[in-house]
Amino acid sequence: MKRIAVLTSGGDAPGMNAAIRAVVRAAIFAGMEVFGVKRGYTGLIQGDIIPLPLGSVGDIIHRGGTILYTARSDEFRTEEGQAKALAQLQKFEIDGLIVIGGDGTFCGATKLAAKGIKTIGIPGTIDNDIPGTEFTIGFDTAINTVIDCIDKIRDTATSHERTYVVEVMGRNAGDIALWAGVAGGAESILIPEEPFHLAEIISRLNRGVERGKKHSIILIAEGVGNGVEVAKVIEEESGLETRVTILGHVQRGGSPTAFDRVLASRMGVKAVELILEGASNQMVAVRNGKPIGVPFTVAFTEKHTPDLTLYPLTEQLSI
C-alpha cells in the first residue's frame with residue numbers, strides 16, 4: 001500500500017477536517033502518499049484529485065465543514081459512473097480509499113470495493129444514525145449547538161411566558177432531539193422511535209402552569225413531523241401562547257467540540273491502520289469507547305436505535 005486517497009461525501013459534519021488531518025498524518029507517518037478527492041464521488045469521477053502533503057492539513061482540526069468539499073453524485077450510482085471513478089483511481093495509482101460520510105457514502109465505497117479497491121469508511125454525520133457505532137463524527141458538536149440555542153430561547157420564553165417548540169435535525173433518527181432535550185431541560189421530547197400523545201404533553205404543560213411555571217420548551221425531531229403544526233395544536237388545545245423555532249442547518253456548522261476532534265482523530269488513525277492491514281469494505285466504529293473495524297454490511301442491515309434509556313428522564317425531571 002503506497003498511495004491512498006480520502007474523500008468526504010454527503011452532508012458535512014463538524015470534525016470531518018479533523019478526520020482528514022488524522023488520515024493524512026497517520027498515512028504519511030506510515031510511509032504512504034495521500035491524495036484528496038474534492039467534492040466526493042463527483043470529484044472522483046472528474047479526476048479532481050490533489051496531493052495532500054503534511055502541511056496541507058495544518059490548522060484545520062478546529063474548522064467545521066470539510067476542506068475537501070462535499071457533494072452527492074447521481075452519476076456515481078450508475079455502472080458508467082463507477083467505471084469512470086475506478087479509472088481515475090487507477091490513473092493516479094491509488095491503492096486504497098478512505099471515505100468519510102454516512103450510509104450513502106458507504107454504499108458508494110462498497111461498489112469500489114467490489115471492483116478491487118481497498119475501501120474503509122469513517123462515519124461522519126450529525127444525525128448519529130449509523131448502525132454499529134456508538135457515535136458518529138459531528139453528533140456531539142450538533143447537540144452542543146442545539147443546547148446553546150435552547151438556552152437562548154429559554155431566556156425569551158421566560159420573559160414572555162411562552163411555550164416554545166424547537167425543531168431539530170436528524171432525518172429519521174431522534175438522537176439529536178433526545179440528547180439535547182435531556183441536556184437542555186426540555187419539558188417534552190418528541191422522537192420517531194417512541195410513541196407520544198399530544199394530549200399528555202398538553203396535560204403536562206397545564207400542570208406546569210398550575211404550579212407557577214412561566215415557560216416550557218418542547219423539542220421535536222424532524223422525523224416526527226412539522227414543528228409548526230405541532231405548535232398550532234398545542235396552542236389551540238392548551239390556550240398557551242406558543243412559538244416555533246426551526247434550527248435547520250446551523251446544527252451542521254461551527255468548530256467541532258473536543259469530543260468530536262478526539263473521536264475524528266482516533267477514527268482517522270484507525271482507518272489507516274485497517275488499510276495497512278489489508279482490510280477492505282469496512283467502516284470504523286466505536287464500541288465500548290474503542291475504535292474497531294466492522295463490515296459495511298452492519299451499516300446497511302442493522303437497525304439504528306438511540307439510547308432510549310434517556311427518554312424516561314424527561315418525564316421524571318420535568319414534573
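Me: Is Ile-202 buried or exposed?

Reply: Ile-202 counts as buried because its relative accessibility is 8%, where buried means under 20% relative accessible area, exposed over 50% and partly exposed in between, with a 1.4 Å probe and protein chains only. This is a predicted model, in which local features need pLDDT of at least 70, side-chain atom pairs count only at pLDDT 80 or more, and totals for chains, interfaces and linings use all residues. Residues are numbered from 1 along each chain as its sequence is written, and side-chain values use heavy atoms, with hydrogens and water left out.

Me: Good to know. Where is Ile-202 found, and what does it touch?

Reply: Ile-202 sits in helix α7, residues 198-210; helices (H or I, at least four residues) and strands (E, at least two) are DSSP runs, numbered from the N terminus. Leaving aside residues up to four places away in sequence, Ile-202 touches Val-233, Ile-234, Glu-237 and Ser-238, contact being heavy atoms within 4.5 Å.

Me: Switching to the domains, what does the assignment give?

Reply: Domain 1 covers 3-138 + 256-301 and domain 2 covers 139-252, with bounds that come from an automatic or database domain assignment. Taken over C-alpha atoms, their centres are 34 Å apart.

Me: How many residues are in contact there, and what area do the domains bury?

Reply: On the domain 1 side 18 residues are in contact with 14 residues of domain 2. Between them the domains bury about 1,300 Å², 51% of it on carbon and sulfur atoms; buried area is the accessible area (1.4 Å probe) that two parts lose on being put together, summed over both.

Me: How many salt bridges are found across that interface?

Reply: The rule finds four salt bridges between domain 1 and domain 2, each a side-chain nitrogen of Lys or Arg within 4 Å of a carboxyl oxygen of Asp or Glu. The side of domain 1 that touches domain 2 has six nonpolar, six polar and six charged residues.

Me: What about Arg-171, which residue does it form a salt bridge with?

Reply: Arg-171 pairs with Asp-127, and the closest N and O atoms are 3.5 Å apart. Arg-171 lies in the loop between β6 (163-168) and α6 (175-183), and it has a positive phi of about 55° although it is not a glycine. Most residues other than glycine have a negative phi. At 41% relative accessibility, Arg-171 counts as partly exposed.

Me: Which other residue has a positive phi without being a glycine?

Reply: Tyr-69 does, at about 60°. Tyr-69 is in the loop between β3 and α3 and is partly exposed, at 43% relative accessibility.

Me: And where do Lys-214 and Glu-161 lie?

Reply: Their side chains meet in a salt bridge, 3.6 Å from N to O. Lys-214 is in the loop between α7 and β8 (216-221) and Glu-161 in the loop between α5 and β6, so the pair ties together parts that are 53 residues apart in sequence.

How values were computed. Nonpolar A, V, L, I, M, F, W, Y, C, P; charged D, E, K, R; others polar.
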